[in-house]
Amino acid sequence: IPTIPTVWVESGGSVVLGTVLQERGWTRGFLKPVVGSTARATYRFDADDSSIESAQAFLDERLAVEDMMIQPYLDRVETHGEESIMLVDGEITHAVRKTPVPGDYRVQDDFGASDAPMTPDDAESELARRIMAMVADRFDGPVPLYGRVDLLRDADGSPMLNELELVEPSFFFRHGPDAAVRMATALLRRLS
């Protein structure tokens with residue numbers, strides 16, 4: 001599965017951001033908590049300006065209370081946004097593109113971003129289905145009843161897994177009202 005390269009830092013740990021970026025050849029970085037929602041406690045920064053100093057202070061503060069991730073900043077989020085593909089029983093019900101306001105990376109409507117229905121291409125669809133099937137294989141069980149696969153684009157435009165939402169994801173039913181019926185039907189089928 002193509003995923004965003006990530007450095008995991010446990011709460012109470014420490015790391016020097018400049019060293020992390022230099023070792024990996026990243027020119028921009030992104031900080032986010034291991035457990036988060038709605039862009040909480042996220043921070044983008046550049047390796048070659050004063051924002052790295054602010055990012056280091058931010059990271060040190062967050063590590064006092066929670067686990068954090070360091071990733072390269074994927075600039076395409078500003079223009080292409082993030083794609084969310086919703087699945088029920090491993091099959092795609094609908095998809096949404098979330099686009100931030102100009103100059104921002106946050107794709108949530110809390111920050112003025114917009115979302116609109118989209119049709120994933122064959123590669124995106126195959127990737128989303130494969131991710132859900134891998135969850136089933138990993139836990140030696142059925143494909144999860146539902147899930148949301150969030151994709152970002154790398155510098156070449158290829159989709160990469162950003163997040164896999166399996167616990168109470170926003171399912172964007174307003175953009176795929178039939179998905180609610182499909183989810184209820186799938187749940188009833190599993191219960192019977």
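Is Glu83 buried or exposed, and at what relative accessibility? At 0% relative accessibility, Glu83 counts as buried, where buried means under 20% relative accessible area, exposed over 50% and partly exposed in between, with a 1.4 Å probe and protein chains only.

The model is predicted, so that local features need pLDDT of at least 70 and side-chain atom pairs count only at pLDDT 80 or more, while totals for chains, interfaces and linings use all residues. Residues are numbered from 1 along each chain as its sequence is written, and side-chain values use heavy atoms, with hydrogens and water left out.

**View 1. Glu83 forms a salt bridge with Arg97.** The closest N and O atoms are 2.9 Å apart, a salt bridge being a side-chain nitrogen of Lys or Arg within 4 Å of a carboxyl oxygen of Asp or Glu. This pair links distant parts of the chain, with Glu83 in strand S5 and Arg97 in strand S6, 14 residues apart; strands (E, at least two residues) and helices (H or I, at least four) are DSSP runs numbered from the N terminus. Arg97, at 26% relative accessibility, counts as partly exposed.

**View 2. Lys98 forms a salt bridge with Glu82.** Here the closest N and O atoms lie 2.6 Å apart, and both Lys98 and Glu82 are buried. The two residues also belong to a network of salt bridges that links Glu82, Lys98, Arg148, Asp150 and Glu165.

**View 3. Glu124 forms a salt bridge with Arg153.** The closest N and O atoms are 2.0 Å apart, joining helix H3 (residues 122-138) to strand S8 (residues 146-153) across 29 residues, and both partners are buried.
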